There are 2 protein chains.
Amino acid sequence: MKNNKKYQDFCQHLRKITDIRHAIDVMSWDHQTYMPKNGAEARGQQVATLESVAHTLWLDEKFGVLLKELSEDSSLGANELANVRLVLRDYTRKKKYTLEFVDEMSRATSAGFSAWHEAKVKKDFSIFEPVLKKIVELKRQECEFLGYEDHPYNALLVDFEPGLTVKKVDEVFTDVKAQLFPFTKEVFKRAKPNREFLHMKYSKAKQLEFSEKKIKQMGYSFDGGRADFAPHPFCTTFGPGDVRITLWVDEEFFNPMFFAAVHEAGHALYEMGLPSKENYGLPAGEAISMAFHESQSRFWENCIARSRPYWEGSFKELQKEFPENLSSVSVEEFYKGVNYVEPSFVRVEADELTYHAHIYIRYLIEKALITNEIQVSDVPKFWNDRYEEFLGIRPENDAEGCLQDVHWSYGSFGYFPTYSLGSFISAQLLATMKKDISGFDDLVRSGNLTPIRQWLNTNVHSHGRLLTSNELLKRVTGSELQFKFFMDYAREKYGKIYGI
Amino acid sequence: MKNNKKYQDFCQHLRKITDIRHAIDVMSWDHQTYMPKNGAEARGQQVATLESVAHTLWLDEKFGVLLKELSEDSSLGANELANVRLVLRDYTRKKKYTLEFVDEMSRATSAGFSAWHEAKVKKDFSIFEPVLKKIVELKRQECEFLGYEDHPYNALLVDFEPGLTVKKVDEVFTDVKAQLFPFTKEVFKRAKPNREFLHMKYSKAKQLEFSEKKIKQMGYSFDGGRADFAPHPFCTTFGPGDVRITLWVDEEFFNPMFFAAVHEAGHALYEMGLPSKENYGLPAGEAISMAFHESQSRFWENCIARSRPYWEGSFKELQKEFPENLSSVSVEEFYKGVNYVEPSFVRVEADELTYHAHIYIRYLIEKALITNEIQVSDVPKFWNDRYEEFLGIRPENDAEGCLQDVHWSYGSFGYFPTYSLGSFISAQLLATMKKDISGFDDLVRSGNLTPIRQWLNTNVHSHGRLLTSNELLKRVTGSELQFKFFMDYAREKYGKIYGI
C-alpha cells in the first residue's frame, strides 16, 4: 500500500503521545493512592510538564498535515480511515487549546484536588471555593474557544459523549422526571425492607478478599491489574496488560467496597476487552464514550451484582465469610437489603432509582455555572435546595453535599450526565442480552459469568470507538437510546421488591 | 541583572527535563513495587519514550549555545555560574555519545539483563559471556570517545565520582590491602560471637513497624516519603517532598529489612536535606556524587545503627517487640551479633570489614577488562582466585561468584569503587562529627538523633553538588579522603568486639 509509511508514522506518533499520557496516568494514580502529602506540589508541576509535552506532540503542524493527507487517502482500508478521521476530529478540537490554557488548567486542577480533599475532610466549602471558581472560569473560557451550537455546555458534553447535546439530555431527563421520579416516590411510601445486617462490622481484609474473589469471577485478571485504596474509587489504564482499580472501605457497611469493586471491575473489563494491544493509541483500541463506559460498570454493578439470581448463587459464600452478621439472614432479605431505596445524600451510595436525581442536580448546577446563571458561591445553597425539591432531604454540611464528588476538582464538567445515560444504556443492553443468551439467569446464579463477559467483548468492546454510541447501540439492540428500557427494568425489579 | 532572562531559561529547561526524569522515576518505582506482570511490555516502551524525550531536550542545540554564553557571563553570581558550568560539563559529556552508540548500548544492555538473569538462575556464566563481551567492547569504545588522562577507566569513574581517578583508587586500596586485610584475617581467627537469635522468626509486620519507627527517629518523614516492598531495596526521589525507600523482608533473619531500612533512609535523608526545592533540577539541589551518597547511607547503617550506644538505647524496644527471640539475649550479645565478621560470597550480605574485599575484586576485574589485560572469558577464574586470595574461600558456582551483581549487565562500570569510598568517607565524617557534637554517644544512646542529622544537613547536604567531593570533605573534615579514618574506626570497634 503506497501510504503504508505515512500510516505507520501516524501510528508511531500516536504511540508516543499515548506513552506520555499513560505516564501521566501512573503519576495521577500514585497521587491518589500512595503519594505522601508533601509530594503534591512537585507532582502538579511534573504532570503539567508532561501534559504540555503531549499537547505539543498532538499539535505538531506536520502531524496535522499528515492527518489531512491520510484522511483523504482512498488507498487506506475502512478501519484505517476511521482511525485517521477520528484522530483528525480530536486534533481539530485540541488545536483550539493554547499551551497557556492547558498549563493553567493543569495547575488549577492539581491545586483543586488537594483543596477539595481538605475541604471535604474539614466539611468546609470555603477551602475549595476559590480554586473551583478558577476552574469554572477556565471551563467557561473553554466553551467559548471550543465553540458550540445552541448551548455552551454542549462544547463540554461532546468531550465525554460525542454527539450528545443539552437538548438530548434534557429530553431524557424529562422522561426521568415524568416517569422515574413519581415511581420512586411510590417506592418511598412502601414498607422498608430490613438491612441492618449490612451495617455491621465487616473487616477490611475480609471485604477485600471477597471483593477480589468476585471480580475475578467476572473475569478481572490480577495478572493485568490490581486493586488499591484511594479516597474515591476509580479505574485507570496504564496500557494493555495493566488496568487498575481503586476501592475504599467502610468497615461498618458492606455495600461501599463490594459494589464499587464490581463497578470499577466493569470499567476494567471494558478496558481489558478492547483490542488495545494491536491498536495502541488508536481509536480502534479505545473506549467509545463515557456513557458506554458507565454502561459497562453499571451493568455489572446493578444488572448483575444487584440481581436476585446473583445472590441466589453467591450469598452462601458471603454468609460463610461473615456468619456473625449473616447467618440468620435469608437470600430474599439480603437481595432486598442491597436494593434498599431511600432518599440519601451521597451519590456513590445511592440506589439505582434515586441515583438519577443526584445526577440531575449536578447536571443542573454545571449547566447553570457554565451559563453564569449561578456562581460558585451559590453552589451549596442551590445544591441543598434541589435535594430538598427532588429527594425531600437537606444535607447538614457540604461534605455530604456539594463537596462529595471529586470531579469538579479536576475540571470535569459534562461528565455527570453520562452516568445516568450509562445506566439507561446498560438496561437496554441487558434486554438484548437476555434474548441472545439462553438461560441468562441460570448463568448468573451459577457464577458462570464468562458467556456474559464474552457477549460484551464481542458486541461492545471489540469495536473500540470506530462507531458512535448511537450507531453501536442501534447495531446491538436495534434502536438508539430509549429511556423506556430502564423504566421497564426498574418497574419490574422494584415493583416486585416493594409490591407496587 | 542583564542575564536574568537567559538564566531563567536555563533553569526552566532543566526543570522540564527533571520533571520528565521524575516521571520515569515514578514509573520505574511502580514497575518494581506494584505493577502487575502483564504491564511490563508497555511500561518498557513508555519509559523508553520518556527517555528519548528527555534526551532530545538535553541535546537541544539552542540549549548548548545558551550554556556556553552563560558560562562566560561575568554578571552571574558564583552559585549561578557554578550551576551553569556543571551543567555545561554534563552537556559536553552527553554530546559525545552518538545516537548509534546509545542505541547499540541500549540493545546490548537490554539483552544483557535477560542473559545475566538466566545465567544466574542456571549458574552458567557461558550464557552471559557473549553479551558481556559486547558490553565490555562498547565500554572500551566509550572510554575512547569520552577521552581520559592516564587511564581509560578514569573516563568511567568520573561519571559516578567527578574527579576520581585510578591513581586515587589504587592508592586507597593499597592501604586497604596493607592494613584492613591483615586486620580482618586477625578477626577471622578469633572466637565467633553468637548470632543464632538473629536467625529466628521475625514477622514481616513487626519488622516493618520497628523499622519505620527507627527511621522516623533518624528524621525520615513519612509526610515526604514512604516505604514499600520491592525485590531490591532502593531509594528514589520524585521531587522535593517525595523521597521513597523500598525494603525487602526475610522473616527468618532480622538483619536484612532493618539495616536496609536504615541504609536507604540514610540515602533519603540526604535527598530530603538537599536544597532541591529552591534549586529544582539544578546542580545546587543535587547530590554531590555516588560515593558521598553512599557515605550517608553507610554512616547511618554502620556508624550509627551498628554502634554500641545505638543498641544500648534501642535494644529494649526491640526486645519488647520480639520477646520470644530476644528475652534472654543481652545488649552486648546483640551488638556483637549484628557485627559478626566472616568471609562470605555475597557482597550485599557482607559485614563492614570483608565488604571492601568484595569491592576490590570487582574493581580489579573492571579495570583489567577495560585495559584488555583480561578477557571476559577469564572473569570467573580471576574472580574465584581473588576470593581465595583475599577471603580464603572459593565460590562453588558463578551464581555465588561473578554472576551475583546486576551492574555489569546494564553496563555499569566504575560504580563499585564508590561503595568502598562511601564507607571511608563516612568514617572520616564520623571522626569530625564526634569532635563537633559533644556527648555524641549519649545522643545516639538516647535516640536524640536530630543534632546528628542537622550536622549532616548543614555540613554536607546544603551544598548540593556545587563543590567536588574532595573540596567538601576538606572543608568539613580538614583533609581530603584518607583511609586512616576508616582503619581507626575499624580497629577501635572490631578490636574491642573480637579482643584484638
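## Close-up views of a two-chain predicted model

**View 1. The contact between chain A and chain B.** The contact takes 32 residues from chain A and 32 residues from chain B, where two residues are in contact if their C-beta atoms, placed from the backbone, lie within 7 Å. On the side of chain A that touches chain B, the elements giving two or more residues are α1, α2 (40-58) and β2 (235-239) of chain A; helices (H or I, at least four residues) and strands (E, at least two) are DSSP runs, numbered from the N terminus. The residues of this side of chain A divide into 13 nonpolar, 10 polar and 9 charged, with Ala, Val, Leu, Ile, Met, Phe, Trp, Tyr, Cys and Pro counted as nonpolar, Asp, Glu, Lys and Arg as charged, and the others, Gly among them, as polar. This is a predicted model, in which local features need pLDDT of at least 70 and side-chain atom pairs count only at pLDDT 80 or more, while totals for chains, interfaces and linings use all residues. Residues are numbered from 1 along each chain as its sequence is written, and chains are lettered from A and ligands numbered from 1 in the order in which they are written.

**View 2. The two domains of chain A.** Chain A is divided into domain 1 (4-149) and domain 2 (166-498), with bounds that come from an automatic or database domain assignment. The C-alpha centres of these two domains of chain A lie 26 Å apart, and 35 residues of domain 1 are in contact with 33 residues of domain 2. To the side of domain 1 of chain A that touches domain 2, α1(A) gives the most, with 11 residues.

**View 3. The largest nonpolar core.** This core has 108 residues, and those with the most contacts inside it are Ala261(A) and Ala265(A); a nonpolar core is a set of buried Ala, Val, Leu, Ile, Met, Phe, Trp, Tyr and Cys residues joined through C-beta atoms within 7 Å. Helix α10 (residues 255-273) of chain A gives the most to this core, with 11 residues.

**View 4. The buried face of helix α20 of chain A.** In this helix (residues 469-477), Ser469(A), Leu473(A), Val476(A) and Thr477(A) are buried, a residue being buried if 20 or more other C-beta atoms lie within 10 Å of its own, exposed if 12 or fewer, and partly exposed in between. Seen down the axis of α20(A), the buried residues fall within an arc of 75°, so they line one face of the helix, the arc being that of the directions from the helix axis to the C-beta atoms.
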